[in-house]
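Please look over the chain below, first as a whole and then piece by piece. The report that follows takes up its sheets, its helices and its ligand site in turn.

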Amino acid sequence: TSREEKHEFKAEVSALLRLVTNSLYTNREIFLRELVSNASDALDKARFQGLTDTSLRDRQEKPQIKISADHVRGVLTIEDTGVGMTRDEIALNLGTIAHSGTLKFLEKARAQQDSGQKPDLNLIGQFGVGFYSAFMVADRIEVTSLSAAEGAEPVHWTSAGDGTYSVGPGERTTRGTTIELHLKPDAKEFLDRWKIEGIIKRYSNYVVHPILLKVVDDKGATEVDGKQVNDATAFWMRPARELGDADYNEFYKHVMGGFVLPGDEPLGHLHLHADAPIQFVALLYVPGKPPADLFQEDRKALQLFARRVVVMESCDKLLPGYLRFVRGVVDSEDLPLNVSREMLQEHNALTSIRRQLTRKVLKLLEGIAKDKPETYEQIWANYGAVLKEGIHTDSTHHDDLVELLRYRSSDGDKPVSLAQYVEAMPEGQPAIYYITGESMAAVARSPHLEACRARGYQVLFMADPIDEWVVQDLSEYKGKQLVSVTQGDLDIPEDKDHQHDPGAIAAAVDKSKELLTDKVKDVRVSKRLRESAACLVDDSGGLSRNMERILKMARQ
Ligand code: ADP
Ligand code: MG
C-alpha cells in the first residue's frame, strides 16, 4: 500500500461536490471555519488520547493551527499538530459522508433542486458540512497527514473535486495534518491578510487553540509570520461581571456552529461558576429558535469539557430530557480525562452537575417569566411542549415546573399561569376548569364551555397531546382541583337565573334514550349547557374522548 491509488468518491460525496462546485454562493468564507474546526477537533483528540496512550506519537507537540497564505503559488494552507489520519482513515473520512449534518444538507439542497429552485448554498453554514465546503474556493485540494498512532506512515490525498481522489505516500515527520487549497481564480481574495483575520475573528475566535497566521506576498516577501489571530481563551472561564449581552450573543454563535440569523439571538443565558460539591463552569443558552433536532433521537446536547479539553461533543447526561432545548458548554476540573467516554457518562460528578444545572435552568426560566413575561411567552411558545414532559417525568421539580405552565383560556389569547388563574377566580368557584381537545379552534367553540361561561368561570384550553398526561399528573394546584368540563357529572354550582320546565325535559330525555339506545351509554339532564340543547360527555371514570383519540393515533 505504498503506491499512489486512484479512487472514486461514494455517490453521495460526488453529488455534494457537484452541488458545492457548480452553484452560486454568497457565504463561501465559511470553508475556513470548517477547516479550522476540523483542525481544532484533531488537536482535542490528540490531547485527549495523549493523556492515556503513552505510545502516541509526539506527545510533547504544541497544539496549534497554522494558516499560511502564499500569493506566489496561490495556495492557502491550514496545518495542525493534531491526531492526523492513517491511510485508511483518510480514505474513509474524506471519501465518504459520515456526518449526518452533511447528508441532511444534501437532502435539503436536492429537494430544492427537484422543485426547480436554485439550491441555497447559504444553508451550508447551518449544517456544518465540513471538509468538502473547501471545494467552493479550491479547484484542487491536497492533504498530507501523519497519524499519531504508533507506526503510522505519512499519507498524501489529493482531489480536484471532480468525482475521484488519489491516495499515496506523503511527506511529513511530525504528527498532524496539512491541507493545501489551490484557490480558484475567483477566490484569490482568501489570501488577503485582513480577509483571513476577519473570517477567523467572526467564526473561530473562541477556538481554544492558537491560530497563527503567515502571509507571503506576490513578490515572495513575508508580510507577517506567526501572528496569533484568535482569542484562544475559553470564553466561559471569564468572570460574568466582565461580560455583556453582546459578548454572550457573540459566543452563542460559536455554540450554534457559527450561524445565527438576526432575530434568533438567545432568549436567555446562564453563566455559572460552581465550586461545591463539584467544581465546574457552565454557560448555557435558551436558543432563540428551536433547534431543528429537538425531537430527534440523535440530537445535539451540551458540550462537555474537562479542564478546557473537549471530552464529549454532545453529552445528554447533563440535563433532563425536558430541558434538551438548552445549548452550551460545561467545563469541570473534577472530571477524569483518562477514562472512556462511556464510563464518563456514568460518573458521579455528572450526576451532581446535572442536579445543579437542572435547578439553575428552572430558576432562570422562572426569573424570565417574572421579569420579562414577553420573552417567557416566546420561550413557552418554542419549548412549552418539551417542558411539559417534565411534569410527567420529574417529580423532584414538579412544583417548579407547574409554575412554568402557561395556557390560553376562554378569557382571551393571552396565556395564563395557574397562579394567575387562581388569583382571578371569582368568589365561590370551586375548582380549576380545563378542556382538552385536538386544536385550539375545537376547544374554543366547544359547547362544554357554556356552563363555565354562564358562571363567569375561566376555562383553560389544552390542545397539546401531552396535556392529557399533564392533567393526570396535576390533579390539583394550591388546594384547587383541576376539573375537565367534558367529564360526565360536572360538579358545578347552580346557575340561578336559568329557567326550565322539568316535565318537558324528562320527556326529551326519554325520547333521546330511545333514539340513541345503541350509540350512547346514558342520557342525563345537565346543568352545564346554556345555548346548546345537548352535548356528548366523557364517562367520569373512563378516558377522555381526546385521550382516546390520541391513543388511537398512537396505535396506528
Ligand atoms: P465532521 O468534522 O463533521 O466530522 P468533516 O467533513 O469536517 O466532518 O470532516 C470529516 C472527517 O475527516 C472528520 O470527522 C475527521 O475524522 C477527519 N478530518 C478532517 N480534517 C481533519 C484534520 N485536520 N485532522 C484529522 N482528521 C481530520
Ligand atoms: Mg468538520
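Strand β10 is joined to strand β11, which covers residues 280–286, by 7 bridges, and the two run antiparallel. Within this pairing, alanine 274 has phenylalanine 280 of β11 as its bridge partner. The model discussed here is a predicted one. In general terms, the strands of a sheet pair through backbone hydrogen bonds, and they may do so in a parallel or an antiparallel manner.

The pair belongs to an open sheet of 5 strands, whose order is β10-β11-β14-β12-β13 and whose pairing is mixed. Because β10 (268–274) and β13 (309–315) stand at the edges and have a single partner strand each, one side of each is left without a neighbour in the sheet. From one strand to the next, the twist averages 10°. Helix α7, made of residues 245–255, packs on this sheet and touches β10, β11 and β14 (327–332), and the direction of the helix makes about 90° with that of β14.

## The nine-stranded sheet

Another open sheet has 9 strands, again with mixed pairing, in the order β1-β6-β5-β4-β7-β3-β2-β8-β9. Here β1 (5–8) and β9 (222–228) are the strands at the edges, and since each has a single partner strand, one side of each is left without a neighbour in the sheet. Neighbouring strands are turned against each other by 15° on average, direction ignored. One of the pairings in this sheet is that of β4 (residues 138–146) with β7 (residues 176–183), which is antiparallel and extends over 8 bridges; in it, valine 143 stands opposite isoleucine 179 of β7.

Is β9 buried or does it lie in the open? Of its 7 residues the number buried is 0, so β9 lies largely in the open.

## Helix α2 and its neighbours

Helix α2 lies across β2 (65–70), β3 (75–80), β7 and β8 (211–216), and it runs at about 20° to β3. To describe how two helices pack, one gives the angle between their axes and the distance between the axes. For α2 and helix α6 (residues 193–204), the axes come within 9 Å and cross at roughly 65°, and the crossing is right-handed. The residues that meet are Ile30, Leu32, Arg33 and Val36 on the α2 side, with Ile199, Tyr203 and Ser204 on the α6 side. Sorted by class, the residues of this contact comprise 5 nonpolar, 1 polar and 1 charged.

## The surroundings of ligand 1

Which residues are closest to ligand 1? Among the 16 residues that surround ligand 1, the closest are Asn38, Ala42, Asn93, Gly130 and Phe131. The elements that give two or more residues to this shell are α2 (30–50) and α3 (87–95), and the largest share, 4 residues, comes from α2. By class, the shell contains 6 nonpolar, 8 polar and 2 charged residues.

## A hairpin and valine 416

Strand β15 (residues 407–409) pairs with β16 in the antiparallel sense over 2 bridges, and a hairpin joins the two strands through 2 residues. The bridge partner of serine 409 is glycine 412 in β16. Strand β16 has 5 residues (412–416), and because the number of them that are buried is 0, the strand lies largely in the open.

Valine 416 is found in β16. Apart from its neighbours within four places in sequence, valine 416 is in contact with Arg406, Tyr407, Ser409 and Tyr421. Leucine 405 lies 11 residues away from valine 416 along the chain, and their C-alpha atoms are separated by 8.1 Å.

## The chain as a whole

Taken together, the chain has 17 helices and 20 strands, and buried residues make up 34% of its 556 residues. Among contacts between residues at least 6 apart in sequence, 71% join residues that are at least 24 apart.

Conventions
Residues are numbered from 1 along each chain as its sequence is written. Chains are lettered from A and ligands numbered from 1 in the order in which they are written. This is a predicted model: local features need pLDDT of at least 70, side-chain atom pairs count only at pLDDT 80 or more; totals for chains, interfaces and linings use all residues. Two strands pair if DSSP finds at least two bridges between them. Axes are lines fitted to C-alpha atoms, for helices over the stretch in contact, and angles run from 0 to 180 degrees between N-to-C directions. Two residues are in contact if their C-beta atoms, placed from the backbone, lie within 7 Å. A residue is near a molecule or strand if its C-beta atom, placed from the backbone, lies within 6 Å of it. Ala, Val, Leu, Ile, Met, Phe, Trp, Tyr, Cys and Pro count as nonpolar, Asp, Glu, Lys and Arg as charged, and the others, Gly among them, as polar. A crossing is left-handed if the near helix is turned anticlockwise from the far one by less than a right angle, and right-handed if clockwise. A residue is buried if 20 or more other C-beta atoms lie within 10 Å of its own, exposed if 12 or fewer, and partly exposed in between; C-beta atoms are placed from the backbone.
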